[in-house]
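Reader: Could you walk me through how to read a fold like this one? I'd like the general idea each time, then the case at hand.

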Amino acid sequence: MHIEIIHKGIVKQINDNHLMVSIVTDASCRDCKVGSHCSSAGRKEVVVQVDSLYPERYILGCEVAVIGYKQDYYYAILLCYVLPLIVLISTLVVLLLLNSFSQMFSAIFSLGTLSLYYFILYTQRHKITQKIKFILQEK
């Protein structure tokens with residue numbers, strides 16, 4: 001069973017079969033009368049790339065619904081937060097248990113492995129975008 005998560009967005013850019021959609025997350029400001037004039041810390045704009053077979057259906061500035069699946073969000077959280085934390089802590093613990101390295105070297109080396117992890121993640125971004133998909137729905 002696929003649980004959908006739906007966000008309202010605005011089409012910002014159209015390139016070939018890709019649309020750049022701006023999603024404004026404003027959990028605490030949604031019902032506020034002056035929300036559009038405020039620069040609250042809870043208000044954040046996220047731009048996502050959505051593939052579309054028919055980009056000619058959309059025009060710049062039109063309002064759309066961006067649909068994502070909950071399992072894709074969990075996969076993204078796993079890649080961006082959980083696995084890097086495991087890499088960082090496990091590298092640090094292993095180096096400290098070897099006892100032949102100083103704490104400073106262990107910490108710097110752990111951050112280096114984290115940098116390597118994110119570099120590998122960056123090189124695999126095309127495979128990841130094939131797994132994590134968004135769907136557009138016209139309003």
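Author: Leaving aside its neighbours within four places in sequence, serine 106 is in contact with Leu92, Leu95, Leu96 and Phe101. Before we go on, this is a predicted model, where local features need pLDDT of at least 70, side-chain atom pairs count only at pLDDT 80 or more, and totals for chains, interfaces and linings use all residues. Residues are numbered from 1 along each chain as its sequence is written, and side-chain values use heavy atoms, with hydrogens and water left out.

Reader: Where is serine 106 found, and is serine 106 buried or exposed?

Author: Elements first: helices (H or I, at least four residues) and strands (E, at least two) are DSSP runs, numbered from the N terminus. Serine 106 is part of helix H2 (residues 103-123). For burial, under 20% relative accessible area is buried, over 50% is exposed, and in between is partly exposed (1.4 Å probe, protein chains only). Serine 106 counts as buried because its relative accessibility is 0%.

Reader: How do I read the sheet?

Author: Strands of a sheet pair through backbone hydrogen bonds, either parallel or antiparallel. Here, two strands pair if DSSP finds at least two bridges between them. This model has an open sheet of five strands in the order E3-E2-E1-E4-E5, with antiparallel pairing. E3 and strand E5 (135-138) are the edge strands, each pairing on one side only. On average, neighbouring strands are turned by 40 degrees against each other, direction ignored. Those angles come from axes, which are lines fitted to C-alpha atoms (for helices, over the stretch in contact), and they run from 0 to 180 degrees between N-to-C directions.

Reader: What packs on the sheet?

Author: H1 does, touching E1 and strand E4 (63-69), and its direction makes about 70 degrees with that of E4. Alanine 65 sits in E4 and is buried, with a relative accessible area of 5%. Beyond its neighbours within four places in sequence, alanine 65 is in contact with Ile6, His7, Ile135, Leu136, Gln137 and Lys139.

Reader: How many bridges does E1 make with E2?

Author: Strand E1 (residues 4-15) and E2 pair antiparallel over six bridges. Isoleucine 10 stands opposite serine 22 in E2, and asparagine 15 has histidine 18 as its bridge partner there. On the E3 side, eight bridges join E2 to E3, with valine 24 partnered by glutamate 45 in E3.

Reader: What about backbone angles?

Author: Most residues other than glycine have a negative phi. E1 and E2 form a hairpin with two residues between them, and aspartate 16 in the turn has a positive phi of about 50 degrees. Aspartate 16 is exposed at 69% relative accessible area. Asparagine 99, in the loop between H1 and H2, also has a positive phi, near 60 degrees, and counts as exposed at 68% relative accessibility.

Reader: Last one: what volume does the largest pocket have?

Author: On a 1 Å grid over the protein atoms alone, a pocket is an open set of points where a 1.4 Å probe fits, with protein on both sides within 12 Å along at least five of seven lines; lining residues have an atom within 4 Å of a point. Grid points are joined across faces, edges and corners, and a volume is the space filled by probe spheres set on the points. The largest pocket comes to about 700 Å³. Of its 23 lining residues, the closest to the centre are Val47, Val48, Gln49, Ile132 and Phe134.

Terms used: Contact means heavy atoms within 4.5 Å.
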